[in-house]
Amino acid sequence: MFYFTQWFPNATRGRANAALFSASALAAVIAGPLSGALLSMDDTLGLHGWQWMFLIEGLAAVLIGLVVWTRLVSHPSEAPWLSDEEKTALIDRLAAEEAERVATKTDKAPSRWSMLRDPQMLLFCFVYFAAQLAQYAVTFWLPDFVRDIGGLSEFTIGLISVVPFAVAFFAVLAAGQISDRTGLRRTVLGSGFVLAAVGLTAAALASPVLAVVMLIVATIGFKVAASSFYVIPQQYLVGAMVAPGIALINSVGNLGGFVAPTLLGQVESRTGSVDNALLIVAVICLVALAGCALMRYQAGVRDTDQHADPTGTSTSAGTGSEPDLPAAGPGRTVGNSG
């Protein structure tokens, strides 16, 4: 998320974030069948299936780490595929937007520790926590809902369980496009929480088949919420506070990955069902929806279609009139027309 602030102007950052989160949705689609195949490799070369899964999937992460270390370019000024004019255009655009954020901040920039007392930062942490809470609640218990349909093999249950993430892949990309072209960041974010809350509530009250369908709706919701969220703190934080601010939000927000399984597990052990826990998560999503209304992009700035260009004028993100900018990477355009 910090890296994107170094490469993508505000008007295209929604699509950049969406690309990352759509990749995580696609990974969920691939991981289920792949892990199942690896787990079936028991006694191959004397190793258990879970050992093969850890080795192969862990090695993939190591290899990607090496590629990032050697190939990822930190700043547009170092990009070998950009001309000097393209580098200047992109750097100037990003610098102009940073200057605008600094100029509109009427309060003193928080220090790393005082960020914990900044109401906006605490709001960001809670909203992202709610998105992660919904994600882990669905991810961990979705196979159980599918199994409740009855008469399905474990392989079929696995295939059905990846359908919500396959659908969410396209929804996240569409949300990124809408967010960039309209500039209505909070509106897109809030719509994700609405879908998550509706899907979770209906899943808790419906028959097994309908519950699985509504969990698809919930998955679209929390994926859209998570992918649409970070563009707001990316635009709120300035200067040296961007990296630690994003780290704080991510650290606190991802506690949802601990709370969701614990909450649902406790409720299931006491009641024999996770329905009540899903309703609790749905209520938290609605509270997060209310919190979206209090979010600020910059000091005093809320949902807006206006973006500054390097010349100092303003253009509408919804009109397609953004100035042409160079590619932010091989095959990726950062201009609004891309």
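Contact here means heavy atoms within 4.5 Å. Helices are DSSP runs of H or I with at least four residues, strands are runs of E with at least two, and both are numbered from the N terminus.

This is a predicted model, where local features need pLDDT of at least 70, side-chain atom pairs count only at pLDDT 80 or more, and totals for chains, interfaces and linings use all residues. Residues are numbered from 1 along each chain as its sequence is written, and side-chain values use heavy atoms, with hydrogens and water left out.

The protein chain has 12 helices and 4 strands. Of its 338 residues, 44% are buried, meaning under 20% relative accessible area with a 1.4 Å probe, protein chains only.

Which residues of α5 meet α8? Among them are Phe124, Val127, Tyr128 and Ala131 in α5, and Pro208, Ala211 and Val212 are among those in α8. By class, this contact has 18 nonpolar, 3 polar and 1 charged residues. Nonpolar covers Ala, Val, Leu, Ile, Met, Phe, Trp, Tyr, Cys and Pro; charged covers Asp, Glu, Lys and Arg; the others, Gly among them, are polar.

Now the geometry. The axes of α5 and α8, residues 208-229, come within 9 Å and cross at roughly 150°. That makes the two helices roughly antiparallel, a term for angles over 145 degrees. Axes are lines fitted to C-alpha atoms over the stretch in contact, with angles from 0 to 180 degrees between N-to-C directions.

Helix α12, residues 275-292, also has its axis within 9 Å of that of α5, residues 119-147, crossing at roughly 150°. α5 and α12 are therefore roughly antiparallel too.

Key. Parallel < 35°, antiparallel > 145°, perpendicular 65-115°, else oblique. Buried < 20%, exposed > 50% of the residue type's maximum accessible area, 1.4 Å probe, protein only.
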